[in-house]
Amino acid sequence: MNKSNVHGALERLVDRLAKLKIPYAIVGALSLNAYGYQRTTSDVDVLLRREDLESFKKTHLGRGYVDKFPGSKGFRDATQNVDIDVLLTGEYPGDGKEKPIAFPDPAEAAVRGDRFSLLPLTTLLELKLASGMTAPHRLRDLADVIELIRINGLGEEFAGSLHPYVRKKFQELWQAAQMKDTEE
């Protein structure tokens, strides 16, 4: 499984970001995997600062990477044939509208995992909650929160460590996570 094109693209990206000394955080399904929830994906989601995205593109576009389309934040690892979706510091999750939770600066927020830098679980949960709360098409983010609660054995008191904006939704999903699937 770790030999997939997605994992190859992840390794190439992380290596190139490190060589450029660009702070980053892997987000999305690959970060969920790092926190114990195994979910498949066909792309790599990375959090960058705008100036670092520009620096990366200036250095690597045309050298194994191509823009997804003109003017796109995202790009494609042409060697692995995998999309790299980019989230930028200061942007808002979900509907993209201003809210109390925004994507943080990876230079300040990222922690080192076993294989790559990622956001702390608390921050990842806040972003997923804010996304699912404000974007009806992002219900997968709320389902991810339920799975992270279950897999990491998070208690209801964990809500106290989260931003007040998302606490009530966390408590609601915590309740849902306590229910067992009768088909299991």
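1. Strands β2 (43-48) and β5 (82-88), together with helices α5 and α6, each supply at least two residues of the lining of the largest pocket. The model is predicted, and the points below should be read with that in mind.

2. The largest share of that lining comes from α5, with four residues. The volume of the largest pocket is about 630 Å³. It is lined by 31 residues, and D45, L87, F103, R138 and D141 are the closest to its centre. Sorted by class, the lining has 13 charged, ten nonpolar and eight polar residues.

3. Helix α5 also packs against α6 (residues 139-152): their axes come within 8 Å and cross at roughly 150 degrees. The α5 side of this contact consists of L121, L124, L125, K128, L129, S131, G132 and M133, and the α6 side of D141, L142, D144, V145, L148 and N152. Eight of these residues are nonpolar, three polar and three charged. The crossing of α5 and α6 is left-handed.

4. The axes of α5 (residues 121-134) and α7 (residues 164-177) come within 10 Å and cross at roughly 85 degrees. Angles of 65 to 115 degrees count as roughly perpendicular, and α5 and α7 are therefore roughly perpendicular to each other.

5. In the contact of α5 with α7, E126, L129, A130, M133 and T134 of α5 meet Y165, V166, K169, F170 and L173 of α7. By class, this contact has seven nonpolar, one polar and two charged residues.

Technical notes
Residues numbered from 1 in each chain as written. Predicted model: local features only at pLDDT ≥ 70, side-chain atom pairs only at ≥ 80, totals over all residues. Heavy atoms only, no water. Axes fitted to C-alpha atoms, helices over the stretch in contact; angles between N-to-C directions. Parallel < 35°, antiparallel > 145°, perpendicular 65-115°, else oblique. Contact = heavy atoms within 4.5 Å. Nonpolar A, V, L, I, M, F, W, Y, C, P; charged D, E, K, R; others polar. Left-handed = near helix turned anticlockwise from the far one by under 90°. 1 Å grid on protein atoms, 1.4 Å probe; cavity = no way out; pocket = protein on both sides within 12 Å on 5 of 7 lines; lining within 4 Å. Points joined across faces, edges and corners; volume = space filled by probe spheres on them.
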